[in-house]
Amino acid sequence: MRNIIDLIPRDRVTVSPSILAADFAALGSEVDKVTEAGCDLLHLDVMDGHFVPNLTMGPPLLKSLRGRSDLIFDTHLMLSDPLKYAEDFVKAGADHITFHLESDNNPDEVIDALRALGCTVGISLKPATPASAVIPYLNKIDLVLIMTVEPGFGGQSFMADMMPKVKEVHEAIKAGNLPVHLEIDGGIDAKTVEVATKAGANMMVAGTSVFRNPAGTKVAIEQLHAATQWLKL
Ligand code: DX5
Ligand code: ZN
């Protein structure tokens, strides 16, 4: 299985378009479009109608996309019980799985289960969860995903007040010299990417600003990649 530690560089900003903002009636060609436009991964938002008040996609959808795309599937599980479904998502083709620290499961158990399944592991924090909650897990995971909107829906406004949290996690990763990616999700566009990158993030999830950009997906992805100039190594 491919993994984000070997394949996703840390010395430039990478882009993971969220298909939540794509045209679901043309999902295959939407994925082709962002692939040709130069995205680095594909972000899949999985919601259970319980952990967040919305329902999106399940393993069958990943499986059909897997048959069509070679992108790394950056799978974001917004589920109350990620342990119950992790194996189904890996079997369907998820390369990387991020679960929420606020889920009902014991985080160590989820990490161990995901490792046993062979995928890379991320932990996501909702806006109200402090950086200190994820710090004890940094040496066991591959990625931290900091939400800059309340999870559940695309198209919301970026919460700039999350930047101190991003800085704190970035500093802890650096202090430990750990190979952990720092990803931001929610309201990322050509403007907000600057502050997110300056705070220490190196991976950008972007739905609306990529799939619904009037200038087109190629320009959208180029604008996000250009934030590499502010990257904090
Ligand atoms: C929200 C999802 C995000 C969202 C991002 O719960 O995790 O991935 O789709 O969409 P935009 O970029 O539109 O904020
Ligand atoms: Zn997401």
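**A zinc site and a pair of helices**

The zinc ion (ligand 2) is held by His43 through NE2, Asp45 through OD, His76 through ND1 and Asp185 through OD, at 2.0 to 2.3 Å. Keep in mind as you look around that this is a predicted model. The six donor atoms around this zinc ion subtend angles of 69 to 167 degrees, so the arrangement counts as octahedral. For comparison, ideal angles for six octahedral donors are 90 or 180 degrees.

Now trace the site along the chain, where the donors of the zinc ion (ligand 2) follow the spacing H-x1-D-x30-H-x108-D. His76 belongs to strand E3 (residues 72-78) and Asp185 to strand E7 (residues 181-185), so this pair ties together parts that are 109 residues apart in sequence. Both His76 and Asp185 are buried.

Ser18 has a relative accessible area of 5%, and because under 20% counts as buried, Ser18 is buried.

Let us turn to the helices. Two packed helices are described by the angle between their axes and the distance between the axes. The axes of helix H3 (residues 59-66) and helix H4 (residues 82-92) come within 8 Å and cross at roughly 20 degrees. Angles under 35 degrees count as roughly parallel, so H3 and H4 are roughly parallel to each other. The crossing of H3 past H4 is right-handed. At this meeting place, H3 contributes Pro59, Leu62, Lys63 and Arg66, which meet Asp88, Phe89 and Ala92 of H4.

Definitions and conventions: Residues are numbered from 1 along each chain as its sequence is written. Chains are lettered from A and ligands numbered from 1 in the order in which they are written. This is a predicted model: local features need pLDDT of at least 70, side-chain atom pairs count only at pLDDT 80 or more; totals for chains, interfaces and linings use all residues. Side-chain values use heavy atoms; hydrogens and water are left out. Donors are N, O and S atoms within 2.8 Å of the metal (3.2 Å for Na, K and Ca); water is not among the atoms, so sites may look incomplete. Four donors count as tetrahedral if all angles lie between 85 and 135 degrees; four count as square planar and six as octahedral if opposite donors are over 155 degrees apart and all others between 65 and 115; anything else is irregular. Helices (H or I, at least four residues) and strands (E, at least two) are DSSP runs, numbered from the N terminus. Buried means under 20% relative accessible area, exposed over 50%, partly exposed in between (1.4 Å probe, protein chains only). Axes are lines fitted to C-alpha atoms, for helices over the stretch in contact, and angles run from 0 to 180 degrees between N-to-C directions. Angles under 35 degrees count as roughly parallel, over 145 as roughly antiparallel, 65 to 115 as roughly perpendicular and the rest as oblique. A crossing is left-handed if the near helix is turned anticlockwise from the far one by less than a right angle, and right-handed if clockwise. Contact means heavy atoms within 4.5 Å.
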